[in-house]
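My notes follow in the order I checked them.

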Amino acid sequence: MCGIVGYIGGKQAAPLLLQGLEKLEYRGYDSAGLAVVDAGNGGIIVKKARGRLSALKKMTDCGKSIPGILGIGHTRWATHGEPNDVNSHPHLSRSGRVALVHNGIVENYAELRQYLCEQGYGFVSDTDTEVVVQLIDHYYENDPVAAVRRAADQLRGSFALGIVFADRPDLFIALRKDSPLIVGLGEGENFIASDVPALLAHTRRVIRLGEREMAVVTREGVTVYDHFGVKLEPEVLEITWDAESAEKGGYEHFMLKEIMEQPDAVRRTIAPRVRGDFTIELGLRRLTDDVLRSLDRICIVACGSSYHVGMVARYAIERMARVPVTVALASEFRYDNPMIGPETLVIIISQSGETLDTLFALREAKERGARVLSIVNVVGSSIAVESTDVLYTWAGPEIAVATTKAYSTQLALMQLFTLYLGRVRGRLTDLEAREEVRSLLATGDKLAELLKDTSHLQYLASLYFNRRDIFFMGRNIDYALALEGSLKLKEISYIHSEAYAAGELKHGTISLIEPGTLVVALCTGTKLHEKMLSNIREVKARGATVIALTTKPIPLDPNHPNANPDHIIELPACCELCAPSLSVVPLQLLAYYVALLKGCDIDKPRNLAKSVTVE
Ligand code: F6R
């Protein structure tokens, strides 16, 4: 949530900051702003505009109208105060000496505001952020580092901050707690950003600031301090993503591009972890085979689509490795007094590695003595760093707010882990495990086959894009997939949608089915075909239109054609383990084409942001 950029160097800052913000717009798009230190006049120029970045670009002639070689920028996902010009970042202190951009939530802002009011400070915005800038101003006596540290010590909550000072055209400060921030290292210029895509055009050498670390950024270099002011020697990471992977590459939307990238992303995630003889090499450092053998249970914790991956994985792990698994929403887990301990493996799934609820759940799990394995896409992210062990999904940068390729790679990696666990715990024979691995390796090719022709999904979308309600139903793994299909549809098309365990529908929700309601019935679990057919008949009898998704032909009823599904999407034949990876693709495409026909802003759906760094 919220995108932060910062620059100091020999070039004009504002155009560079705007280019960086363009790459972070997926993090928030309620408003955008810039603050540039005007060395000539000894002040800070602040420009901000409500709405998309394009408004700010227009206002500043793409940044050209703002002089200066040092500045910070922000794209906002509103938390405190409506998205208007005043609440937009950067915020300037009353005296005009300090300006800052903020990502996160300052929980004790009300009491700090009260204190500052008593000191004579006035406030113009409704934000928690304005409190921070005034507090730094309050403590500022020509020592930026001391003022920022003193103010930061008083903040509760989460924050990533970029701060400039009117009388210090030679530096800016960045610091973070529970919200991501990285420093980009250039030649005679240096940067900060919330995420890698903003930096790719300039540098691939980055430092990921750790918890409560502060960076003092100058043209010549970057100095990083810990919470106590001790100078650190931070690790410099080399980003391997190419710049094109964060571009649309000819596609109309990032989402479609990322859907199409799934075959390669899944291959990249699986293949390097499989040896020539089809045995698995996960490269876990602390979670040794002995540890995996000693586990009593597994608890998978995540949010949103990553949580849905956990639900699919539960079925696979319980079936193939015979370890009991619970799946918890991260936002609930932390406040649920979870029953976990040293014999529990907590698996954290997160694309961004920065989702705050998930990060806090991880910390809760560690405090209770559990070991934590994380499945993460962003290398060096907070969740990756704080886990006992991490397995990276190699999906590449995912820009569209609605996840697609990250979901698929998480799923594929969880399946590989399941096979490894099943083998280590003696639940799968060597032969069985190798056979499963061989089938799993074929997922990429099956996905490619599936994606060759999307015309059927486009046709279905054209028939139903104006429906008011769309239901998804399935049993077992298909239920977990139904949840993902429904989430995908509602987040980008704004159509009301619900997902139900098919057998549960008649316990209440079937009252919502009326003539014209569209029901997507997932029938990939062949053992439950007959049960699903009964459920399809139940909704058909009430006037629903049904799209069925299958891996094998459904036994239709020739005597009652009206009871059969109206449309059938048949997936390529595949092993049971691969089926969920394939089934999700038509659901993603259906959501995409429906949203396209409705004219929705697919990559930046309303009210959403890519990386959810507030609780
Ligand atoms: C839905 C979506 C979200 C994320 C969720 C968790 O399309 O993208 O539901 O899955 O916000 O995010 P991560 O995986 O980054 O922790």
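A molecule counts as sitting in a pocket if more than half of its atoms lie within 2 Å of the pocket's grid points. I applied this to the ligand, and the ligand sits in the largest pocket. I note that the model is a predicted one.

Next I looked up the surroundings of the ligand. I found 14 residues around the ligand, and Ser 306, Ser 350, Gln 351, Thr 355 and Glu 491 come nearest.

For Ser 306, a polar side-chain atom is 2.7 Å from a ligand oxygen. For Lys 488, an N or O atom of the side chain lies 2.8 Å from an oxygen atom of the ligand. Ser 305 uses a backbone N or O atom, which lies 3.1 Å from an oxygen atom of the ligand. On its own the ligand has 400 Å² of accessible area, and the protein covers 89% of this.

Which residues have the most contacts inside the largest core? They are Leu 292 and Phe 417, in a core of 123 residues. I followed Leu 292 beyond its neighbours within four places in sequence, and its contacts include Leu 284, Leu 345, Phe 417, Tyr 420 and Arg 425. Another core, of 29 residues, lies apart from the largest one, and Ala 151 and Ile 173 are among its members.

Definitions and conventions:
Residues numbered from 1 in each chain as written. Predicted model: local features only at pLDDT ≥ 70, side-chain atom pairs only at ≥ 80, totals over all residues. Heavy atoms only, no water. Core = buried A, V, L, I, M, F, W, Y, C linked by side-chain atoms within 4.5 Å. Buried < 20%, exposed > 50% of the residue type's maximum accessible area, 1.4 Å probe, protein only. Contact = heavy atoms within 4.5 Å. Near = heavy atom within 4 Å. Polar contact = N/O pair within 3.5 Å; in protein donor to acceptor, adjacent residues only side chain to side chain. Areas by Shrake-Rupley, 256 points an atom, 1.4 Å probe, with all protein chains shown as cover. 1 Å grid on protein atoms, 1.4 Å probe; cavity = no way out; pocket = protein on both sides within 12 Å on 5 of 7 lines; lining within 4 Å.
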